Amino acid sequence: MDMSAYLADPNEKPLDRIVDDGGFTSIFRTIGCIGDSLSSGEFESTDPEGKTKGYHDYFEYSWGQYIARAAGVKVYNFSRGGMTAQEYWDSFAEKNSFWDEDKLCQAYIIALGVNDLYGRKMELGSVGDIDRDDYNNNKPTFCGYYAKIIQRLKSMQPQARFFLMTMPRSQRPDGDEAGRLHAKLLHELAEFFDYTYVIDLNKYAPVYDEEFKRRFYLGGHMNPMGYILTAKMTMSYIDYIIRHQPEDFAQVGFIGKGVHNYTAKG
């Protein structure tokens with residue numbers, strides 16, 4: 001048996017090896033996707049004249065549900081078009097019962113930031129905005145609200161694993177500075193919290209240029225092929241993280257079970 005596909009290659013980059021079956025992402029039996037339109041399988045329609053646009057969240061087309069079908073995992077869409085970290089915290093999660101114990105997951109993928117930073121121009125903030133002991137005291141910045149989501153879920157499911165997704169590079173006139181700073185912040189959050197990792201599409205995904213969008217976009221949002229591609233990148237990145245840090249994931253089966261192996265790491 002050739003074990004190379006299941007072991008870490010020190011020279012490998014996160015998206016060098018694309019998996020179609022989830023790879024080691026399948027160790028999680030439940031995953032929650034917290035995000036906006038791009039996490040919701042949103043498609044953009046127009047009227048016959050192309051003037052009036054419509055936006056439609058079709059969750060069965062979301063990258064989360066493509067992961068669910070490929071990896072055999074239960075995936076929850078804790079998302080909606082236009083979502084921000086502040087709205088998720090202030091009302092959306094509570095209104096939709098996303099904090100309920102029966103919806104707690106072994107892993108969470110958080111993909112927020114586009115509407116916060118590009119749409120609402122919210123202050124990015126820093127890890128200095130986080131009160132480690134009481135998240136209610138976090139400052140009202142993007143970082144403060146984003147961290148609140150993680151902190152509340154950790155208080156309910158302490159051993160859950162968190163994967164923070166950066167925004168892919170585009171061809172914005174400003175050089176996509178907000179995307180770069182967003183990625184830097186997520187890496188700092190991954191250092192701040194335990195069992196937290198970065199899916200750094202800003203660094204390793206293809207540039208979402210005009211040629212990319214011709215193939216994988218429908219208007220300002222992805223087409224079905226784009227959501228499948230995102231699912232493949234996400235599964236492959238998580239598989240990469242697990243293969244390179246296996247000790248962190250050896251006890252995933254105990255998450256939410258109330259037991260632990262205290263003689264082992266993780």
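These legends describe close-up views of a predicted model.

**View 1. Five strands form an open sheet**. The strand order is β4-β1-β5-β6-β7. The pairing is parallel. Strands β4 (74-79) and β7 (196-199) stand at the edges. Each has a single partner strand, so one side of each is left without a neighbour in the sheet. Neighbouring strands are turned by 20 degrees against each other on average, with direction ignored.

**View 2. Bridges link β1, β5, β6 and β7**. Five bridges join β1 to β5, and these two strands run parallel. Ile-34 has Ile-110 in β5 as its bridge partner. Four bridges then join β5 (residues 107-111) to β6 (residues 161-165), again in parallel. Ala-107 stands opposite Arg-161 of β6. Ile-110 is paired too: its bridge partner in β6 is Leu-164. Another four bridges join β6 to β7, which run parallel. Here Leu-164 has Val-198 in β7 as its bridge partner.

**View 3. Strand β5 is mostly covered**. Five of the five residues of β5 are buried. Ala-107, Ile-109 and Ala-111 point one way from the strand. Tyr-108 and Ile-110 point the other way.

**View 4. Strand β6 is covered on both faces**. Five of its five residues are buried. Arg-161, Phe-163 and Met-165 lie on one side of β6. Phe-162 and Leu-164 lie on the other.

**View 5. Helix α1 crosses helix α8**. The helices are α1 (residues 63-71) and α8 (residues 224-244). Their axes come within 8 Å and cross at roughly 60 degrees. The two helices are therefore oblique to each other. The crossing is right-handed. From α1, the contact uses Trp-63, Tyr-66, Ile-67 and Ala-70. From α8, the contact uses Pro-224, Tyr-227, Ile-228, Thr-230, Ala-231, Thr-234 and Met-235. By type, the residues of this contact are nine nonpolar, two polar and no charged.

**View 6. Helix α4 packs with helix α5**. Helix α5 spans residues 177-192. The angle between α4 and α5 is about 40 degrees, and their axes are 12 Å apart. These helices are therefore oblique to each other. Their crossing is right-handed. Phe-142, Cys-143 and Tyr-146 are the α4 residues in the contact. They meet His-182, Leu-185, Leu-186 and Leu-189 of α5. The contact residues divide into six nonpolar, one polar and no charged.

**View 7. Helix α2 has six named residues in its buried set: Ala-85, Glu-87, Tyr-88, Trp-89, Phe-92 and Ala-93**. The helix itself runs over residues 85-95. What covers these buried residues includes the strands β1 and β4. The cover also includes the helices α3 (114-119) and α4. Just after α2 comes Ser-97, which takes a positive phi of about 60 degrees.

Notes. Residues are numbered from 1 along each chain as its sequence is written. This is a predicted model: local features need pLDDT of at least 70, side-chain atom pairs count only at pLDDT 80 or more; totals for chains, interfaces and linings use all residues. Side-chain values use heavy atoms; hydrogens and water are left out. Axes are lines fitted to C-alpha atoms, for helices over the stretch in contact, and angles run from 0 to 180 degrees between N-to-C directions. Angles under 35 degrees count as roughly parallel, over 145 as roughly antiparallel, 65 to 115 as roughly perpendicular and the rest as oblique. A crossing is left-handed if the near helix is turned anticlockwise from the far one by less than a right angle, and right-handed if clockwise. Contact means heavy atoms within 4.5 Å. Ala, Val, Leu, Ile, Met, Phe, Trp, Tyr, Cys and Pro count as nonpolar, Asp, Glu, Lys and Arg as charged, and the others, Gly among them, as polar. Two strands pair if DSSP finds at least two bridges between them. Buried means under 20% relative accessible area, exposed over 50%, partly exposed in between (1.4 Å probe, protein chains only).
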